[in-house]
Every structure is written in C-alpha cells, then in structure tokens.
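I opened the file today and kept notes as I went. Each entry records what I looked up and what came back.

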Amino acid sequence: MIKLNSKHQSLTLSFASQTDHKPARRLIILIPSLEIDLTAVTSRVWELANTTGAHVQFLGLYSDATQEPRLRRELVTMSAMVRDGRVSAEADVIFGEDWVNVVKTRFQPGDMVVCFAEQRAGSSRRPLSDVLQSELDIPLYILSGLYQQNESRSNWLAQITVW
C-alpha cells in the first residue's frame, strides 16, 4: 500500500495485482449513505480522474427506500460537480447492502475502485477496504478524512448516557 498525504486529506493506494499498470478506464466511486463532505470528495475525485484520464462512475448503495432520494440527489450533484471538458461522470443508485456483490457485477478490467476508510461492511463492521481487498483482486483507492463530523449525533448520545 502507498499512502499519500494532501493537506488534511490522505489517500491510500493499494494494488492487489502489481502486474497491471494500465491506465484506468473508470474510477468506480463507492458512495456510502453516511454524511460526507461533498465538496471535498468531488474535488478529490476530480483530481484522481483528471490524473488518470478515467471516466467517473459514482455508485450509491441504500437499504432503506427513504434513503434513496437524498442519495440520488447527492450523486447527481457530485456527478455534475466533477464533469468538465476533461472528466466525464455518471451516477447510479442501487438497492442493497452488499458492496462486494455490487463491485463484482460492475467491475471491468482496467477499472479502479475508490472507497472511504470510514466505510464499514458486513455484520462485523469491518472496513469496506479490508473486505474488498480480501475478497476481490482489484486496484483500490482508499480515501480518508472526508467525513463531516456530526456534532449533534455525538451530543445526543452523550446526553442519553448522562440521563
């Protein structure tokens, strides 16, 4: 794994197969249904896409129908923010809970998958990056430091504990 630091954000690059050094056809960005900093994420994704010359495919996964409209709006907004003369982007929202299956069905040779260090998967709540690395032989970018800190949620939990 190679770790690169850029300002307050860090990027981890992990190649499961070191023999494939071809440029990516697509960057498949796995967007969680958690609070992320849309501006920071789209900026970082644009940098990656511009550097690699790849098309951006945002994928959102939701398990509750009430999450779909917000997730769809976020992905469309992110796609519009990334798109310019050099970078093309599209978005897809999928019902389900299994990122590994989604990646298996969407991944094509030459693609790179991008996920967030804070994303969790499965009942054990393992980091999604660990799950993808152990179950799939794919190039993987791991972005970190792009989640918004939700103060109200932590205050709410603290208040319940005190009560």
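Is Ser 129 buried or exposed? I looked up its relative accessibility: at 6%, Ser 129 counts as buried. My cut-offs are under 20% relative accessible area for buried, over 50% for exposed, and partly exposed in between, with a 1.4 Å probe and protein chains only.

**Ground rules.** This is a predicted model, so I noted that local features need pLDDT of at least 70, that side-chain atom pairs count only at pLDDT 80 or more, and that totals for chains, interfaces and linings use all residues. Residues are numbered from 1 along each chain as its sequence is written, and side-chain values use heavy atoms, with hydrogens and water left out.

**Overall layout.** I found five helices and nine strands in the protein. Both are DSSP runs numbered from the N terminus: helices are H or I with at least four residues, strands are E with at least two. Along the sequence the pattern reads β-β-β-α-β-α-β-α-β-β-β-α-β-α. The protein has 163 residues, and 42% of them are buried. I then checked contacts (heavy atoms within 4.5 Å). Of those with a separation of 6 or more, 77% join residues 24 or more positions apart.

**Helix α4.** Ser 129 sits in this helix. Beyond its neighbours within four places in sequence, Ser 129 contacts Cys 115, Leu 140 and Ile 142. I listed the buried residues of α4: Leu 128, Ser 129, Val 131 and Leu 132. They lie on the same side of α4, because they cover an arc of only 160 degrees around the axis. The arc is taken from the directions from the helix axis to the C-beta atoms. Against what do these residues pack? I found β3, α3, β6, β7 (120-121), β8 (126-127) and β9 (139-144).

**Helix α3.** This helix covers residues 99-106, and I found Trp 99, Val 100, Val 102 and Val 103 buried there. Those buried residues fall within an arc of 165 degrees seen down the axis, so they line one face of α3. Lys 104 and Thr 105 are exposed on the other side. The cover over the buried residues of α3 includes β3 (26-31), β4 (55-62), β5 (89-95), β6 (112-116) and α4 (128-135). At the start of α3, a side-chain oxygen of Asp 98 comes to within 3.2 Å of the backbone nitrogen of Val 100.

**Arg 26.** I placed this residue in strand β3. Arg 26 counts as buried, at 14% relative accessibility. Where does its side chain reach? It reaches the backbone oxygen of Arg 106, at 2.6 Å. Not counting residues up to four places away in sequence, Arg 26 touches several residues, among them Ala 54, His 55, Gln 57, Phe 107 and Met 112.

**Aromatic rings.** I found one aromatic pair in the structure. Tyr 62 and Phe 95 have ring centres 5.4 Å apart and planes at 70 degrees, so the pair is edge-to-face. The rule is centres within 6.5 Å for rings of Phe, Tyr and Trp (its six-membered ring), with planes under 30 degrees apart stacked, over 60 edge-to-face and the rest tilted. Tyr 62 is in β4 and Phe 95 in β5, 33 residues apart, so I logged the pair as a link between distant parts of the chain. Tyr 62 counts as buried at 9% relative accessibility, whereas Phe 95 counts as exposed at 57%.

Methods
A polar contact is a pair of N or O atoms within 3.5 Å; within protein, one must be able to donate a hydrogen and the other to accept it, and residues adjacent in sequence count only if both atoms are side-chain atoms.
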